[in-house]
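Trainee: I have a model open and want to learn how to read it. Can we go through it together?

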Amino acid sequence: MENIEALREEVLAEVEKAVDLAALEEVRISALGKKGRITGLMKNLGKMDPDQRREFGQTLNLVKDQVAGAIDTRKTALEDAALEARLAGERIDVTLSSRPDETAGRIHPISQTIDEIVSIFGEMGFALAEGPDVEDDFHNFTALNIPPEHPAREMQDTFYLPEQEDGSRLVLRTHTSPVQIRTMQSKTPPIRIIAPGRTYRSDSDMTHTPMFHQVEGLVIDKKTHMGHLKGCLLEFVKTYFELDDVPVRYRPSFFPFTEPSAEMDIGCSRKGGELKIGEGDDWLEILGCGMVHPRVLAACGLDPNEYQGFAFGMGIERIAMLKYGIPDLRTFFDTDLRWLKHYGFVPLDVPNMVRG
Amino acid sequence: MKFTLNWLKQHLDTDASIEVVAEKLTDIGLEIESVTDRAAALADIRVAYIEEAGQHPDADRLKLCRVNTGDKMIQVVCGAPNARTGLKVALAQPGAIIPIDGSKLKPGKIRGVESQGMMCSTRELCLGEDHDGIIELPEDAEIGAPVAAVLGADDPIIEIGLTPNRPDCTGVRGIARDLAAAGIGTLKADPRQEAVAGSFDSPIGVTISGEIAANNAVPAFYGRYIRGVKNGESPDWLKARLEAIGLRPISALVDITNLVTHDLGRPLHVFDADKLSGDINVRYATNGEKIAALDNKEYELSDSMVVIADQAKALGIGGIIGGEETGCLDETVNVLVECALFDPISIAKTGRKLQINSDARYRFERGVDPQSIGWGMEVATHLITEICGGEVSHVVKAGEVPNPRNAFDLRIDRILELGGVAVEADRAIEILTALGFEVSGSAPVITAVAPTWRPDIIGEADLVEEVLRIVGYDKIPTVALERETSLPVPALSPMQKRVGLTRRVLASRGLYETVTWSFTDSRWAKLFGELKEGLYLANPISSDLDVMRPNALINMIAAAGRNQARGFADLSLFEVGPEFFGDQPGDQRLVAAGLRAGSTTPRSWTGSRRDVDVFDVKADVEALVDALGTNAANLQVNTEGAPAWYHPGRSAALQLGPKNVLGYFGELHPKVLKALGVKGRVVAFELFVENIPMPKKKGTARPALNASSFQSVERDFAFLLDDDVKAEAIVKAARSADRALITDVTIFDLYAGKGIEDGKKSLAFSITLQPTKATLTEEEIEAVSKKVVEAVQKATGGSLRA
């Protein structure tokens with residue numbers, strides 16, 4: 001029995017001394033391997049008488065368990081140390097700049113604003129409509145109750161294409177209103193459309209560019225009146241400007257294609273040179289609107305005694321500038337990379353009414 | 001349109017404050033642009049009295065004045081020649097703000113003598129141009145009182161933005177009438193409109209030419225001779241009125257015509273009768289006829305323009321501007337007053353052609369009240385005889401004065417149906433009557449005859465607007481638009497959805513969206529194919545934006561050059577917009593165009609930076625085609641198909657079949673880049689979004705996923721090939737070896753150079769074999785591999801590398 005105790009002490013000391021996993025494995029083999037010292041003693045058990053064997057066997061099993069446990073513990077400790085040493089050697093400078101992003105494109109504010117507008121009016125049942133940039137006189141003027149030589153034609157500086165063989169001249173559309181005409185000509189009411197697009201006027205200064213964007217809205221049915229016009233546009237400005245409430249004002253105005261006509265102002269403040277929408281005692285004009293003129297309905301083949309509705313039009317750059325604080329209209333068309341990066345939108349930021 | 005509050009009150013009996021008037025004007029559609037309170041700017045300037053004006057001890061031209069301010073005596077040095085003892089003056093004391101430059105007056109010494117104030121001129125107070133001397137105030141002006149009231153300058157100036165449908169409001173009286181209808185006071189009578197009896201026949205007659213009469217270009221022309229007038233400076237009230245709205249007083253006769261124009265919206269003209277040769281004839285000009293006008297310019301006329309002529313020459317351009325030669329001067333004694341009607345369209349055409357923006361044109365092209373030809377002449381007669389004296393002839397008349405009586409029915413319910421607000425019939429009748437309509441009948445339908453000064457009234461909807469704007473748009477309730485369905489129908493068509501997706505796919509690939517002009521420089525556009533005549537603008541804004549763009553890349557390429565010049569050479573841009581191929585509405589197609597230049601990323605320690613190349617834009621196009629629902633692997637890459645603005649050896653057309661070209665990609669031609677001012681290589685793509693077929697299959701279900709449960713196998717091959725063998729040929733050949741088993745062919749290495757003979761290249765690819773019934777055995781794999789090698793050799797003439 002003394003031998004066993006001595007062997008135990010000896011093996012445990014060897015386990016403690018093993019400096020790496022290989023040395024530890026050697027210790028394990030020399031003690032618990034097929035030819036190991038403890039294994040050897042186990043083999044002797046068979047030669048003993050039963051009493052001796054029981055007593056000796058119990059002791060030996062205890063020692064064997066102790067040694068195996070010590071080896072496991074030591075093994076874990078050595079493995080941990082080895083891993084720590086490896087990780088310490090793998091240290092790198094993570095303050096280095098990240099890998100350059102090759103997917104950092106942006107959506108232009110005009111596209112984003114159009115998507116916002118369409119998502120809001122889409123929620124109110126409007127469908128997107130489009131029309132050509134080059135228009136004929138009928139759709140751009142005559143059908144909209146703007147006869148030739150009417151002073152209203154001078155309100156807009158029109159770009160003309162060369163005179164054609166029949167003497168007529170096509171124009172670059174001066175507003176998105178021709179889309180109203182094309183829609184009413186091709187569809188039977190009820191109609192609810194929203195028509196954003198490029199528009200053109202021969203004008204270029206601090207606040208005008210020869211090309212800009214407008215959005216036109218049109219509702220035609222048998223019962224829509226000016227109260228609905230107010231309700232629809234109020235919902236729009238509240239949602240678009242992300243405000244719970246916006247003071248609005250409608251002023252009587254004049255457009256050849258609406259009667260009665262109005263301009264819509266929204267409340268704002270201009271204190272300290274900073275424009276804030278939705279508060280203060282100042283007003284900001286944002287769009288023109290009105291009930292579709294009976295002559296316009298008639299020009300599209302609709303009976304003004306049966307159908308009625310409203311139309312409105314507003315400048316897209318203008319409301320984008322107001323919402324996003326973009327100071328200069330002309331920069332929209334400059335393709336200055338710095339501007340596109342600064343004012344552009346992340347492509348996954350898709351406007352929708354659920355997410356807001 | 002400008003006027004002052006007191007001017008308005010000459011026509012409108014009201015106690016309303018300027019604030020109330022201004023708000024109401026905007027509410028009824030006469031939008032306030034500005035209200036200028038001149039009294040505020042003059043607040044520091046007070047009436048003072050020169051007790052004694054003596055000589056400055058050291059300066060001959062300066063005076064040393066003892067001035068009574070009302071509460072003390074001060075000493076003021078003054079250089080004005082009219083400073084004299086006993087004069088009431090406009091005095092600024094130290095601390096006062098001087099209107100002309102906004103400066104604060106400080107006490108000072110002039111030539112060694114202390115001066116404790118400044119006596120002001122008209123110009124220093126921004127009340128006019130006069131700077132020859134100091135203002136001389138009336139003797140009864142109260143010392144110490146603010147000068148604004150004494151000068152009548154406490155009268156606020158109102159400017160409204162007038163819409164073109166309201167000719168009646170081009171005169172102050174029309175504005176007063178609208179305000180009266182809206183409950184701000186009552187419209188006063190205008191006694192100046194009463195007829196003046198003439199005492200003799202005009203020695204000058206008037207005729208309208210047959211041609212003019214046939215076209216109704218001048219429906220009527222009235223003249224009146226006034227003899228023995230005394231022209232000269234206008235009275236102060238008249239000068240002040242004109243100066244307040246920014247007009248320069250000229251002489252009484254001219255000022256009267258300007259006053260009537262702005263007061264009543266009725267333009268007039270006064271000829272010096274002694275400069276006329278015979279009777280007045282209203283006729284068309286002859287081509288090339290010239291006239292020197294009152295704006296000191298000479299105009300060349302054409303035969304569509306109306307002139308007022310005598311028997312010798314044209315005297316004025318009818319309804320637009322008078323001639324210089326027969327204008328009234330101070331020495332004018334006998335005059336002929338013209339009061340006429342002109343066709344608005346004729347006026348607009350002539351005015352536009354000659355580019356004359358006169359107060360007369362402004363009113364005649366909007367439509368002057370035809371009845372004003374009569375009362376306008378009387379108002380002018382009253383004013384001339386009152387101010388200039390003279391003896392009045394009978395009125396000579398030519399033509400006929402129209403008396404339009406346009407009657408329209410108004411269904412009272414229509415106000416509610418169209419306007420959304422119920423208005424009682426009595427209220428509607430009251431409003432229309434106050435606006436000058438002759439109303440008859442009663443609810444449910446009334447009839448209203450539009451007043452002659454409202455040519456804009458053409459139907460029931462106009463009557464509804466008249467009632468609504470006076471009732472107030474704020475009375476219209478705000479009503480939510482009814483929903484047709486509880487959830488909205490989709491706002492976008494499949495094609496419109498595709499366009500939105502196109503933008504977001506490209507932006508998420510690292511391209512920046514831009515929006516550039518739809519027009520471009522024809523010198524650039526010519527590099528992108530033949531330019532149709534019909535695409536040139538007849539009136540371009542500038543010579544470098546003179547044609548509709550035939551290609552969406554043009555402006556973007558130029559923009560790339562501008563960004564390079566700013567120091568930004570690494571660019572990825574795209575635009576989704578129109579390009580124009582014909583001159584009819586609809587001759588445009590929607591293109592997603594993009595370009596990349598410079599390097600893929602900024603410089604980085606990671607070493608990932610490299611120059612962009614054709615395969616970047618090829619990837620852009622393929623990703624887009626895939627996203628839009630067509631498998632890009634099915635496209636034909638036609639290496640001969642790209643147009644001339646691409647590098648002939650580094651570009652291709654992407655096609656679905658021989659006819660449907662979906663787009664192009666490639667390196668841009670160096671000549672194009674040079675012409676558009678771009679340095680280095682630029683790669684670009686164009687994709688015709690509408691040419692990508694819409695899925696034929698209806699519904700949203702996708703084909704079932706057929707994922708094999710057996711392991712796939714990859715095998716690599718390397719071939720030595722002639723340089724001109726296309727990778728596409730190898731991929732096709734390899735795939736054709738076993739279409740069922742080979743699911744993918746990927747080229748993973750391309751090498752030419754050392755170790756490879758000239759004119760050859762080494763190309764390596766791997767094939768993926770995907771069994772579906774059982775795991776492949778080595779023999780089966782070998783068999784397929786052998787077929788691949790044979791197929792590639794046969795198709796390309798290349799040899800397998802050991």
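This is a predicted model: local features need pLDDT of at least 70, side-chain atom pairs count only at pLDDT 80 or more; totals for chains, interfaces and linings use all residues.

Trainee: How do I judge whether chain B is a compact globule or more spread out?

Mentor: For the 802 residues of chain B the rule gives 28 Å, but the radius of gyration is 42 Å, well over that, so chain B is more spread out than a compact globule. Then look at the box. Along the principal axes, the C-alpha atoms of chain B fill roughly 125 × 80 × 60 Å.

Trainee: What share of chain B counts as buried?

Mentor: Burial is a neighbour count: 20 or more other C-beta atoms within 10 Å make a residue buried. In chain B, 43% of the 802 residues pass. Take the contacts in chain B between residues at least 6 apart in sequence: 69% of them join residues at least 24 apart.

Trainee: How many bridges join S4 to S7 in chain B?

Mentor: Four bridges join strand S4 (residues 46-55) to strand S7 (residues 88-92) of chain B, and the two run antiparallel. To find one on screen, go to B:Tyr49; its bridge partner in S7(B) is B:Lys88.

Trainee: Which strands are at the edges of the three-stranded sheet in chain A?

Mentor: That open sheet has the order S2-S4-S3 in chain A, again with antiparallel pairing. Its edge strands are S2 (134-135) and S3 (160-163) of chain A. Two bridges pair S2(A) with strand S4 (residues 169-172) of chain A. In one pair, A:Glu135 has A:Val171 in S4(A) as its bridge partner.

Trainee: Last, the interface. How many residues does each chain bring to the contact?

Mentor: Chain A brings 72 residues and chain B brings 81. On the side of chain A that touches chain B, helix H8 (residues 226-240) of chain A gives the most, with seven residues. Then sort by class. That side of chain A has 40 nonpolar, 18 polar and 14 charged residues.

How values were computed. Residues are numbered from 1 along each chain as its sequence is written. Chains are lettered from A and ligands numbered from 1 in the order in which they are written. Two strands pair if DSSP finds at least two bridges between them. Two residues are in contact if their C-beta atoms, placed from the backbone, lie within 7 Å. Ala, Val, Leu, Ile, Met, Phe, Trp, Tyr, Cys and Pro count as nonpolar, Asp, Glu, Lys and Arg as charged, and the others, Gly among them, as polar. The radius of gyration is taken over C-alpha atoms; the globule rule is 2.2 Å times the number of residues to the power 0.38. A residue is buried if 20 or more other C-beta atoms lie within 10 Å of its own, exposed if 12 or fewer, and partly exposed in between; C-beta atoms are placed from the backbone.
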